[in-house]
Amino acid sequence: MDTAAKDLSTLLREQDGGRPRTRIFIMGCGRSGTWLLTGIMATFNDVFLLAREGPVQQFAEIKGEQSVHVAKRHFAAFRQADVIPPEIGILAIIRHPFDVLTSHHPAFETKYHILPRRWLGEMEALRWLMETRRPKTMIVRYEDLVVDPDRVQKSIADFFGLGIRISAREYQRVFRPPDDAKEAMHGLRQPDVNSVGRWRNDPADRDHIGAILPDIQPMLGWVSMQFGYDVAWP
């Protein structure tokens, strides 16, 4: 185990004092639905949800007595994927690459928030998680989450041994995100199926994808094969 992971593991064991606890780190590329997935985690029983972005080390700051602690990654957390202690579960979200790479973050002036180099780094970390068969790691597709949030919620509950208290479709009732998170989500709203494939209807988005295609290969092919995304291009 890496020294950084070992140090965090020691801190968490001391914090728990022998009490069993589940810890889940929300990961995924920006504009992939990480805040929505974080909000869904508020629908489970006995969860302390740290609704801010940060490194995995922020688990050591959580003092809640709940049996489940959930924290969300910040923009550089993918670079630490290999030093996350194995006792911390990872719940990662993946979204169609073209939707991610054409998504706009309302807090930033740039039209496209995620650059190819960021996406490639995130996907490399995801591939490492999968190829090493890292324990306690679950990956969900954004498309499945917005189309049938209750089914994905049930899968998460089964994987991590969680109890469900309300429907995932009602996550807004119990999720209290900071203002910057609400802005990133374009408001606290129901999972939006219309967000799937939105790039197809925007000529500027299609031109942008065509321009960056050489930069995101061959990773694009790997993502397509693993998660069933149609990335065929005329």
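This report walks through the fold, packing and charges of a predicted model, then zooms in on one helix.

## Ground rules

Numbering starts from 1 along each chain as its sequence is written. Local features need pLDDT of at least 70 and side-chain atom pairs count only at pLDDT 80 or more, while totals for chains, interfaces and linings use all residues; side-chain values use heavy atoms, with hydrogens and water left out.

## Overall fold

The protein has nine helices and five strands (DSSP runs, H or I of at least four residues and E of at least two, numbered from the N terminus). Reading from the N terminus, the order is α-β-α-β-β-β-α-α-β-α-α-α-α-α.

The C-alpha atoms fill a box of roughly 60 × 40 × 30 Å along the principal axes.

## Packing and surface

Buried residues (under 20% relative accessible area, 1.4 Å probe, protein chains only) make up 52% of the 234 residues. Take the contacts (heavy atoms within 4.5 Å) with a separation of 6 or more: 71% of them join residues 24 or more positions apart.

## A look at helix 4

Helix 4 covers residues 116–131, 16 residues in total. From first C-alpha to last it reaches 22 Å, close to the 22 Å expected at 1.5 Å a residue (1.5 Å times one less than the number of residues).

Its buried residues include Trp119, Met123, Leu126 and Leu129, but also the charged Arg118 and Glu122. After the helix comes Arg133, with a positive phi near 55°.

Definitions and conventions
Buried < 20%, exposed > 50% of the residue type's maximum accessible area, 1.4 Å probe, protein only.
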